[in-house]
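Good morning, and thank you for coming.

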Amino acid sequence: MNPVKSNRNIVYSCKYHVVWCPKYRRPVLVDQVEKRLKELLFEIAEKIQVEIIELETMPDHVHILFECDPQFGVHKVVKRFKGATSRYLRQEFPHLKSRIPTLWTNSYFVSTVGGAPLEVIKQYVANQKEI
């Protein structure tokens, strides 16, 4: 895993921990649905040039740690992940259509990950004129 990445304009290291749930937190992410969800997430990530660092599912939520270009944006990544997986999983597993009106909730949790602790960064920024 390369510590920094770059595109034509920027050099970055932006890692995000994202969690989202099925509608009504229904425990539908089991067996073949879980397996297919993981496959789809890796396929989508490859298409949109996102690196999945870690991925795990529970019956009622998804945890994913990924790195993406900040110009693309974490919100677009999550939108693609949730939109495409909902469409494909509901096509492939008809029982998901009858149990819940949509596969995913509209909301999600996101947290940035990595780098130095907040206090170290604050001190570095505060001391810039002294360097």
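Glu39 has a relative accessible area of 34%, so it counts as partly exposed; that class lies between buried, under 20% relative accessible area, and exposed, over 50%, with a 1.4 Å probe and protein chains only. Please keep in mind that this is a predicted model, in which local features need pLDDT of at least 70, side-chain atom pairs count only at pLDDT 80 or more, and totals for chains, interfaces and linings use all residues. Residues are numbered from 1 along each chain as its sequence is written, and side-chain values use heavy atoms, with hydrogens and water left out.

Which residue forms a salt bridge with Glu39 at 3.3 Å between the closest N and O atoms? That partner is Arg36. By salt bridge I mean a side-chain nitrogen of Lys or Arg within 4 Å of a carboxyl oxygen of Asp or Glu. Glu39 and Arg36 both belong to helix α1, 3 residues apart, about one turn of the helix. Through shared partners, salt bridges link Lys35, Arg36, Glu39, Glu43 and Glu92 into one network.

Lys35 is partly exposed, because its relative accessibility is 49%.

A further pair in helix α1, which covers residues 31-47, is Lys38 and Glu34, 4 residues apart. Their closest N and O atoms are 3.6 Å apart in a salt bridge. Lys38, at 23% relative accessibility, is partly exposed, and so is Glu34, at 21%. The structure holds 11 salt bridges.

I turn now to the pocket. A pocket here is an open set of points on a 1 Å grid over the protein atoms alone, where a 1.4 Å probe fits, with protein on both sides within 12 Å along at least five of seven lines; its lining residues have an atom within 4 Å of a point. The largest pocket has a volume of about 160 Å³, a volume being the space filled by probe spheres set on the points. Among the lining residues are Lys5, Tyr12, Glu67 and Phe72.

Finally, the surface: Ile121, Tyr124 and Val125 make up a nonpolar patch with about 300 Å² of accessible area together. Such patches take residues with over 30% relative accessible area and no salt bridge, nonpolar side chains being joined within 5 Å. Tyr124 lies in helix α4, residues 118-126, helices being DSSP runs (H or I) of at least four residues.

Note on methods:
Patch = residues over 30% accessible without salt bridge, like charges linked within 9 Å, V, L, I, M, F, W, Y side chains within 5 Å. Areas by Shrake-Rupley, 256 points an atom, 1.4 Å probe, with all protein chains shown as cover. Helix = DSSP H or I, 4+ residues; strand = E, 2+ residues; numbered from the N terminus.
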